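Hi,

Here is the model we talked about, passed over to you.

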Amino acid sequence: MFDVEKLKSIVGADWVVTERDQMESYLIDETYTGLVMTPADNVVVVKPADAAEISRILQFANDYAIPVYPRGGGTGVCAGAIPTMDGIVISLERLDKVIEVDKENLMVVAEAGVTLAQLLQAVEAQDLLFPPHPGDEGAQLGGLVACNAGGTRAVKYGVVRNYVKGLQVVLPTGEIVEMGGKLLKNNTGLDLMHLMIDSEGILGIITQVILRLYPKFAGPATLVVSFDDRWSAIRAVPKILQAGVIPMAIEYVDRDLMEDTARYLGTNWPATVGKCHLIVIITGTNEDDVYEQCQQVSDICEANGSVGTLIAESREEQAHILHIRSEESMTYKADLSEILDVTVPPAAVGEMMDEVDKLAAEYKTRIPMVAHAGDGNFHPHLMLELKQRGLSTEVKRKLYAKAIALGGVISGEHGIGKTRLGELDMCIDPKSLELMRGLKRLFDPNGILSPGSAIN
Amino acid sequence: MIDVDGLKAIVGSDWVLTERQQMRTYLYDETTPDQRLEPAEHVVVVKPATAEEISRILKLANRDKTPVYPRGAGTGLVCGAVPTQDGIVISMERFDKVEEVDKENLMIVAEAGVTLAQLLEAVDEADLLFPPHPGDEGAQVGGMIAANAGGSRAVKYGVVRQYVKGLEVVLPTGEITVMGGKLLKNNTGLDLMQLMIDSEGILGIITKATMRLYPKFAGTATLVVSFEDRHQAINTVPKILQSGVIPMAIEYVDHDVITMSAEHLGLKWPADKGTAHLILILAGANEDDVYFQAETMSEVCQKGGAVDVLIAERAQEQADILKIRSEIYSAMKPIIAGDSDITIPPASLGKMLDALDDIAKKYDTKIATIAHAGDGNFHPYLLKELVQRGTVEAVKEEIYKAAVGLGGVVTGEHGVGKIRLKYLEYLMDPKQEELMRGIKQLFDPNNILNPGTAIR
């Protein structure tokens, strides 16, 4: 065991947790039941107040070669934040200040422990918009950036990477560095900031972020378009984009899954026809523009075989639809082994889904799925019973092989974490893996930061 | 000595140039004569046809420790492509095929030597759009990505980085790797593709790219807004960004600079009032939307003191305006000693302009200025008289210091190349420079690829 007193001298005794029963919530994340990893026995949780304290903790950890696990909101689903070796968990929860919502530059400066909910509220209060919505609003900004979160509203302006303009990072060796700034263009030297984004906490601990904001658009309006068959729905997606309408989000859902979720939540799913739906979120320059775009989407879908379109305009109606959509994974939680995150070229989504159905039939299981259809990113759900039959790895690898054959990857937004390391070599060549390992060594010569995550 | 026979054996003797007089155009780029570096004496130019040939050239160069300079179209402004040591220039000109314009996925797959003009034409034929316009249409795709080009149409959807979804790269050690794909989300391992973008040819040679396309907007318009005072024009820009309308481009030009470019092209600049202009390119889902945007912009500009607003709707008129804007550099080149590429937070545009005025006054000169104002990216032009007076360096340094003082950087889009290395110290801490050197060493252990560029 290592010197807890030293940690106490850095952050203060009140901010060091050593009792196991007080730290349970810091040892797990939202990783699905079938994959969950056991945290190590000897873990200390520290709650530093600023970058300087984190720097000192990392210097201490380097001196004694102690593994360090940075932790944000713990909303990850790949065990990225789980301390699987004896070591220190650094919780970013006290770095919780929105430093500035800069209306002139349309940027927000916030500490890494600020939650997505806090950010959205601060931005909304200034009548501005942070477009992406990567799901759980308890997620922290540092985690959103370290994992390059995606989510539903990425079609128009992209995933979190596109919004990140500046970072303050404590490097594994303890140096506090600033990257970027309130800048829309920056080509100075190699871009370490973009390397830090999606590094899953293995190259540094993000302590502050600068994110681009947008003016609030007119709308949104949410359409639920019903189709009797999946291919009609999927084929309508590129037609919408080609027509010049770029929605904030285009989601694919099966109606039975939405109805099950609504029932689980004690409410009703508003659409009553069709086998599946596209949920389309539209914004525009003014109300007329939003209306016009809704009409365009509705017409295009009709030309592609839709059997009904609901347009939700009130805030409550839209929130209701999105709530059901975002809670779908809770419906089967007890029976769920894991949710996959394959991403394929958007036009290949239909083929990928057919493969999923084929595998479900072949293995006599149920594989429900939702898709961020506009992004080609989708989430097939593997059930616990499949794992109990010892077949989930086999099904998963077949599914991955198909995604890769279609030009896709095994993770679009959730990341690799500790649970997908075994399949990383299916889509990354040995030389690239070697370079990634070299980068890790360069930034973190003692391998202390989040060991066993993202790369192997 | 360079193994010319070895090179001939790889690419065929027709594709190797050894005579100095035949290779003149391969030895320079567009850097102004007063700033440019002289090429080395012993240079061989090779023109490979495939990634495999490049791989073999790089292996040969590693064996002999021969410097290799990848070359696109040579439109760079910072000597990035100039072979300053005896070595091999690899021209990408034979990689000139647009492999696919994929309408379903809204992606283009093109070889690295395809020019921007070729790309725009192929995309236009498919009725799609590649939004950014980084100036010189002779630029090649590989160079645009290696230099993360920006240009005038980056306000709405960002710089080239945001469009790059996949790359084929020959690493300095000769391995051919594929990164990303036709994917809108991809979180598998560390993001080497992002590191490759803006690496200025020091980490690998890009041979193929997959880039995101957009639908052609149904409505577009270009506004030329005139102001009597350049400060009024610049101070209007943040107001535009906050208005809720996001133009494709917000350009600032001095009236006498843009008329000089028009004359150079034998065209007429449409606006004759004012001393300064904003050029706004608007795009929308339909004509009404664009009309509304134009009205909003017109109101915002009039509040800011505009004396005239011209609206160009015909495609040819709009193309002429953009062309006159894009060719400013070639019109100015004979009379300027140097240009700079500072980028600051957009809300500080007015302060930067004040600083430029002060510096011009102090050094008794005129600093003609154009700016990608919506991005906070300024290109102040320094006149040749400063070289004669021996003050060009002092003026440049004052401009950089002012920009850095406002939270800016010395290069927003042109890059560091070989002529801005000494200014890196203004904004790069020693640790980050050390990491960049480490990355270079990891990718290129023999330091053969474009040595002396981008990092110190």
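First, the housekeeping. This is a predicted model, so local features are given only where pLDDT is at least 70 and side-chain atom pairs count only at pLDDT 80 or more, while totals for chains, interfaces and linings use all residues. Residues are numbered from 1 along each chain as its sequence is written, chains are lettered from A and ligands numbered from 1 in the order in which they are written.

**The sheet in chain A**

Helix and strand names come from DSSP runs numbered from the N terminus (helices are H or I with at least four residues, strands are E with at least two). In chain A, five strands make an open, antiparallel sheet in the order β5-β6-β10-β8-β9. Strands count as paired if DSSP finds at least two bridges between them. The edges are β5 (98-102) and β9 (176-180) of chain A; each has a single partner strand, so one side of each has no neighbour in the sheet. On average, neighbouring strands are turned by 10 degrees against each other, direction ignored. For angles, axes are lines fitted to C-alpha atoms (for helices, over the stretch in contact), and values run from 0 to 180 degrees between N-to-C directions.

Going through the pairs, β5(A) and β6(A) run antiparallel and are joined by four bridges, with A:D102 partnered by A:M107 in β6(A). A:M107 also has a bridge partner in β10(A), namely A:R212; five bridges hold β6(A) and β10(A) together, again antiparallel. Six bridges link β8 (residues 164-170) to β10 (residues 205-212) of chain A, also antiparallel, and there A:L167 sits opposite A:V209.

Two helices go with this sheet. Helix α3 (residues 51-64) of chain A packs on it, touching β8, β9 and β10 of chain A, with its direction at about 50 degrees to that of β8(A). Contact here means that the C-beta atoms of two residues, placed from the backbone, lie within 7 Å. Helix α4 (residues 116-125) of chain A lies across β5 and β6 (107-111) of chain A, at about 35 degrees to β5(A).

**How enclosed is β6(A)?**

Five of its five residues are buried, so β6(A) is largely enclosed by the rest of the structure. Buried means 20 or more other C-beta atoms within 10 Å of a residue's own, exposed means 12 or fewer, and partly exposed is in between, with C-beta atoms placed from the backbone. Both faces of β6(A) are covered: A:M107, A:V109 and A:E111 are buried on one side, A:V108 and A:A110 on the other.

Most residues other than glycine have a negative phi, and most peptide bonds are trans. A:L106 has a positive phi of about 55 degrees although it is not a glycine. You'll find A:L106 in the hairpin of β5(A) and β6(A), which has four residues between the strands, and A:L106 is buried, with 24 other C-beta atoms within 10 Å. A:S450 is another non-glycine with positive phi, near 45 degrees; A:S450 lies in the segment after α15 of chain A and is buried too, with 30 other C-beta atoms within 10 Å. There is also a cis peptide bond from A:G219 to A:P220, omega near 0 degrees, with A:P220 placed in strand β12 (residues 218-227) of chain A.

**Where the chains meet**

In all, 75 residues of chain A are in contact with 77 residues of chain B. On the chain A side, the elements giving two or more residues are α6 (192-196), α7 (230-242), α9 (287-303) and α15 (430-443). The largest share, eight residues, comes from α15(A). By class, that side has 32 nonpolar, 28 polar and 15 charged residues. (Ala, Val, Leu, Ile, Met, Phe, Trp, Tyr, Cys and Pro count as nonpolar, Asp, Glu, Lys and Arg as charged, and the others, Gly among them, as polar.)

**A helix in chain B**

Helix α13 (residues 392-405) of chain B has 14 residues and reaches 20 Å from first C-alpha to last, close to the 20 Å expected at 1.5 Å a residue (that is, 1.5 Å times one less than the number of residues). Its buried residues include B:V392, B:V395, B:I399 and B:A403. Seen down the axis, the buried residues of α13(B) fall within an arc of 160 degrees, so they line one face of the helix; the arc is that of the directions from the helix axis to the C-beta atoms. They pack against β16 (336-339), α11 (349-362), β18 (377-383) and α12 (385-389) of chain B. After α13(B) comes B:G407, with a positive phi near 85 degrees.

Cheers
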